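I opened the model today to look a few things up. These are my notes, in the order I made them.

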Amino acid sequence: MIPATFDYVRPASVDDAVRALADAGEDAKVLAGGQSLMPLLRMRLAYPDALIDLDRLDGLREIRDAGDAVVIGAMATHHQVIGDPLVREHLPLMARATETVADPAVRHRGTFCGSLAHADPAGDLPAVALALDAVLLARSVRGEREIPAAEFFVDWMTSALEPDELLVGVRVPKLGAGWGVHYEKFHRTAQAWAIVGVACAVRRSGDTVEDARVALTNMGPVPVRASGVEDAVRGRAATREAFQAAAGHAAEGTEPPTDLHGSAEYRTHLASVLTARALSAAADV
Amino acid sequence: MTATTEGPAREMGSPRKRSEDARLITGRTRWTDNMAPAGTLHVAFLRSPHAHARITGVDAGAARNRPGVVAVFSGADFADEQGALPCAWVVTEDMKHPDHPPMAVDEVRYVGEPVACVVARDRYAAFDALEEIDVDYEPLPAVVDMEAAVADGADLVHEGLGTNTSYTWVFENGDLDAAMRDAPVVLERRYVQQRLIPTAMEPRSVLCVPEGEEFTLYSATQIPHILRLMLATVTGIGEHRIRVVAPDVGGGFGSKLQVYGEEVIALLLARRLGRPVKWTESRSEGNMTVHHGRDQIQRLTLAAERDGRIRGLKVELLADMGAYLMLVTPGIPLLGAFMFNGIYKMDAYSFTCSGVFTTKTPTDAYRGAGRPEATFAIERLMDELAAELGMDPIEVRRRNWIAHEEFPYDTIAGLTYDSGNYEAATDKALELFGYDKLRAEQADRRERRDPVQLGIGVSTFTEMCGLAPSRVLGSLSYGAGGWEHASVRVLPSGKVEVVTGSSAHGQGHETAWAQITADRLGVPFEDVKVLHGDTAVSHKGMDTYGSRSLAVGGVALYSACDKVVDKARKIAAHLLEASEQDLEFEGGRFSVRGVRQEGRTLQEVALAAFAAHDLPDGIEPSLDSDATFDPDNFSFPHGTHLCAAEVDTETGMVKIRKYVAVDDVGKVVNPLIVEGQVHGGLAQGIAQALYEEAVYDAEGNLTTTTMADYLIPSAADLPSFTTDRTETPATSNPMGVKGVGEAGTIASTPAVVNAIVDALRPFGVDDVPMPCTPERVWRALRSEPDPGTLEPGTAEPGAGGGLGSAGGAR
Amino acid sequence: MELDHEFTVPVPVDRAWSVLLDVERVASCMPGATLDSVDGDEYAGRMKVKVGAMTITYRGTARIVSADESSRTVTMEAAAKEARGSGTASATVQAKLHPQDDGTTRVTVRTKLNVTGRPAQFGRNILSEVGSKIIARFAKALAAELESPAEPEAPAAEPEPEPASAAAPVQEAMPEPESPAEEAKPEKAAEPEPAKAEVAQPVPAAPPQPPAPSERPPLRLARDDDDAIDLLEVAGPSLVKRAVPAAGGLVVLLLVIRWLVRRRRR
């Protein structure tokens, strides 16, 4: 199918973009890489009044060092993220997870920020942003606003962005030394959504886990931080057995969906199996 | 065959890269949707959102008034001229065969059935206008579950028929009761062949250009010739006034072996509006409306001796027709009737199939068409029998298969297998696979209780292809013959044009046919041009499906080439002042035996024929020849496929560790094309085992309309295949070829499922329904019934990535 | 798909019963719904469901098909079509009141939904994700409505700028019933209509035609930008308990649609 009619705006600056967004009203959509939005347009599940295309905003393509964090611009593609030296050095979890996103064609157009703004709980990157305590940078004609990842994902495909707000970038704190990371994605075909995914980072001190971050993909309407698991491994031995036991907490408080690709019951089971694996892989045990 | 001396086979057998690939892969070619004659109007179809409903009103007023809209028609607007879509295979005399209007008039019977269409100046205007058409429906009960559909008192798909059963077709041979009676081993199984969506790379597309009272219809079809005849029949327009062109076509797998309502409507719109009209479907539209494949429930009973020898087999099928009978819908499951016995000998066989109407997209041919379903059943049963007897699955097969010295062999299903060597293919496969070593690893993993278990699956398949001997088709009440036509034109310059009735849609005929011609005529490969897919150019043909192109169409070409040489010989003899008998033809040159330096090339002869200055008396100035080939028998490719699968018992994930395919497709024209066909076939067969399923919900909505939900594996999901061949020539044609289009698909599905079940057998598992999703494997391990096999209404949605299709939506 | 909800309201069953029979009040509980007209016992309206980038608007009718005082059971039926697109939604909602010993009333709501068209054609249940939430919000709002002072006509809280409702069916719906106070809506009223950019000469929305005499009020496109259901409004991650069998959530909406009346502000 093909999209319905909409106004098309291609601003030349971020200021113009947020102005256009404000002017366009509630039913405007922002187009970055378009890998989620275009299918919705084509299937006429989305009827935006206006499309604000960020294509000309080259300044937003940047991935830059911001001291103790890395800032990913709104137009930085997955492909860029995967190959970026800053990301690879300081945010290897993001690089790993991004490598699993869809297929090369999608990764060359799709953007990290676009994935977050789309807020699809089956997307891989919201969980990564959550695990890494990313901060999302929103701009509007009303000013700037920083939204912690933990508050950004409000509900199924619904973010905390106001209709007039543009996600201009994401600030992701560097993990620092001593962290091992892993993204465990469980899907049936390479380009398919995760049935369940586990984003995991573990910092070891000798045989002990000093700290851990665990977040789950597609275990509810929003990505979920598995704090029960984090608590259960922190300060404990870094062993497969311990991880297995801790992973039993993975599904606590989650509301996994039942759909064509898996039942809630199965997802609940997977969450603990995959979390144990992710912890072991991240901790290298 | 002729007295032609065989030259060194430079082309046939050579792994030439396909000459058509560059333009096909880059898309810089004549896809139907690439064509847009001046003034082309664009068509969009409004489709039923209901699985079953009465149409009580269609208001197209608002749509007609939209800018850019030229016309809006509902089914009622065409009721008097659209006729009914044809079914060419009336399998029984009392077959129930409901009318199938191209656009629904009174009632819709599946989601996606066309109800109205908009013709507009561009596609955007057409789609926008679709939203303005207001249709009132009175919903009727959906009928999604085949077993429920055949029960007493079931809701009816076609009220007027009084039943949902279209036909029941029976084949019996031998004394089945005797075979079953007191049999030491009796296995009873129920397997479900889930519904599949063919998913050709190129969506359907139709462009119809009117020229006065005549029409050229371009369509992404496999069957330009059949389509032309059928369009004439359906619309009453003279066949001679319709030209059908299948330009480059991007795959079909059977889905374009069809006469679609959209094709008929395009023709009628072009006639009514006097303008070219074009329609191209979207992927989600196609998933709902391209005919689907498979969808059978199989109840199987196998009786055997303790030593593994099969006594008899009983097959009871329910085959989902969907809402209507399309071109060959009812016959598809019956193609399996001759294949359930596989490569095995047995004393008795009984096959019963009922075609069942449901309110779902109609089914029809899909790669393998009836034979994959049958092969799956028998190959799964052979593994089950081996397990029951504690015997190696290869050994059970050895004890039952037809030994190579027994060919030709008359099977219990009434076919004569002309040739084969199952021992050779199996031995080769076992060696390539490292069978013993993998068995040892399997034992070790079992011993260690490794969370990842290893399973080995076997499939020693055969199939009947090269469709088909016309006589046999006649005896099966098929509406046409199975011959194929070819003609060869030698141009004055010595270049050669080959016209074939086969209609390539990705198979590489342009390369393979040129190779055959180059060899037979001794001309350079580059000098041969292959023409096809246009009824104005190729006036005669039966098109491409059923692995028939080489085994029938290629053989016709082979014969036509020989006729060219025969004609040329007469002229060459005249020019060389020698007698025909003294001429030899080698490397494209006639020479007098023993006097090699004196000779005439075929090109020289062609020029002489063109000039016609000096031809022998009574000889026409032409070397052009044509030939039609109608085989005496099917061809029977066979092979042994072995699959090693790792099954993660914690998650249910299956990973194919190793896959070996040794196929015997007889003589080979282009081994590279053969390998490509095998690879693609394997991917499709494995996809049935692991990934694909068209899933309907209880209301009859297809929930797998996009490729996010209908999973197609890519190279990233598949192992590196080990392929090899044995070569036992077919005896039913002079080239010894059998056909390879479907072999990989037919063989691989049971190999994969057998491997999965083999891995899980220590856990008490003896089946996992297809597709074997991780969740289904996981549930099988927990001895939980799969939701797809439960009674309707008891399963929760989604448990396992598929709600069953043949099993009915739950 | 069937959805079951249950809640208890601190009012006696008789009072709850009277509210339940007031379609407008019940409808007002439906998030995203707008009532366009009333014709006899049939209510016509719209419901806009917006989730992330996705928007589906339904237009249709709802009515009470039975109200059995002895069993304290009200059954409503609603049927709607997508405003753009060929999909449909229909629902049967049965609400039953169970008097409790402590003078409160337990309310059970059983909803049967049937959604067709695009929203029903995906493996990921768009509707179940959204629908159960909407129904839950509806149930919550209904509970609140039942608790609120019995106000036969318009609930006190929201002076309904919809005088037309009963008397002159159609008419009024069009001119953008301006939002109740809380509504911080931008001035969208003048907006041509949802189908905006396509301009053309579609639907003669504006002309205040006299109510069609037919039994079915013509469903006009309202030009206002009605109040879409927006998950944003559902604070926090999914309060909704998944007691609701997932599945055609949207459907639910649809039903609701029919009877909904006024816009409930977020």
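Before naming any element I noted the rule: helices (H or I, at least four residues) and strands (E, at least two) are DSSP runs, numbered from the N terminus. I also noted that this is a predicted model, in which local features need pLDDT of at least 70 and side-chain atom pairs count only at pLDDT 80 or more, while totals for chains, interfaces and linings use all residues. Residues are numbered from 1 along each chain as its sequence is written, and chains are lettered from A and ligands numbered from 1 in the order in which they are written.

**Entry 1: cis peptide bonds**

I looked up the bond between Met770(B) and Pro771(B) and found that it is cis, with omega about -10°. Pro771(B) sits in the loop between α19 and α20 of chain B. I then turned to Phe407(B) and Pro408(B), whose peptide bond is also cis, with omega near -5°. Pro408(B) belongs to the loop between α11 (393-400) and β16 (409-410) of chain B. For background I wrote down that most peptide bonds are trans, and that most residues other than glycine have a negative phi.

**Entry 2: helix α19 of chain B**

I went back to α19(B) and found 18 residues, with 27 Å from the first C-alpha to the last. This is close to the 26 Å expected at 1.5 Å a residue, where the expected span is 1.5 Å times one less than the number of residues.

Is α19(B) buried or exposed? A residue counts as buried if 20 or more other C-beta atoms lie within 10 Å of its own, as exposed if 12 or fewer do, and as partly exposed in between, with C-beta atoms placed from the backbone. I found 18 of the 18 residues of α19(B) buried, so the helix is largely enclosed by the rest of the structure.

Helix α19 (residues 743-760) lies across β18, β26 and β27 (654-664) of chain B. The helix runs at about 145° to β18(B); axes here are lines fitted to C-alpha atoms, for helices over the stretch in contact, and angles run from 0 to 180 degrees between N-to-C directions.

**Entry 3: two sheets in chain B**

Two strands pair if DSSP finds at least two bridges between them. Four strands form an open sheet in the order β18-β26-β27-β28, with mixed pairing. β18 (452-462) and β28 (721-725) are at the edges with a single partner strand each, so one side of each has no neighbour in the sheet. The twist averages 10° from one strand to the next. Eleven bridges pair β18(B) with β26 (residues 638-648) in the antiparallel sense, and Ile456(B) stands opposite Ala644(B) in β26(B).

Another open sheet has three strands in the order β4-β2-β6, with antiparallel pairing. β2 (residues 53-59) is joined to β6(B) by six bridges, and Asp59(B) stands opposite Asp134(B) in β6(B).

**Entry 4: strands and turns in chain A**

I moved to β12 (residues 196-205) of chain A. Eight of its ten residues are buried, so the strand is largely enclosed by the rest of the structure. β11 (residues 179-186) pairs with β12(A) in the antiparallel sense over eight bridges, and Val181(A) stands opposite Ala201(A). Nine bridges join β12(A) to β13 (residues 208-217), also antiparallel. The bridge partner of Arg203(A) in β13(A) is Asp211(A). The hairpin of β12(A) and β13(A) has two residues between the strands, and Gly206(A) takes a positive phi near 60° there.

Which residue other than glycine has a positive phi of about 55°? I found Met157(A), in the loop between β8 (153-155) and β9 (158-159) of chain A. Met157(A) is buried, with 24 other C-beta atoms within 10 Å. Asp133(A) also has a positive phi of about 55°, but Asp133(A) is partly exposed, with 17 other C-beta atoms within 10 Å.

**Entry 5: where the chains meet**

I ended with the contact between the chains, where two residues are in contact if their C-beta atoms, placed from the backbone, lie within 7 Å. On this count 28 residues of chain B touch 21 residues of chain A. α3(B) gives the most to chain B's side, with four residues.
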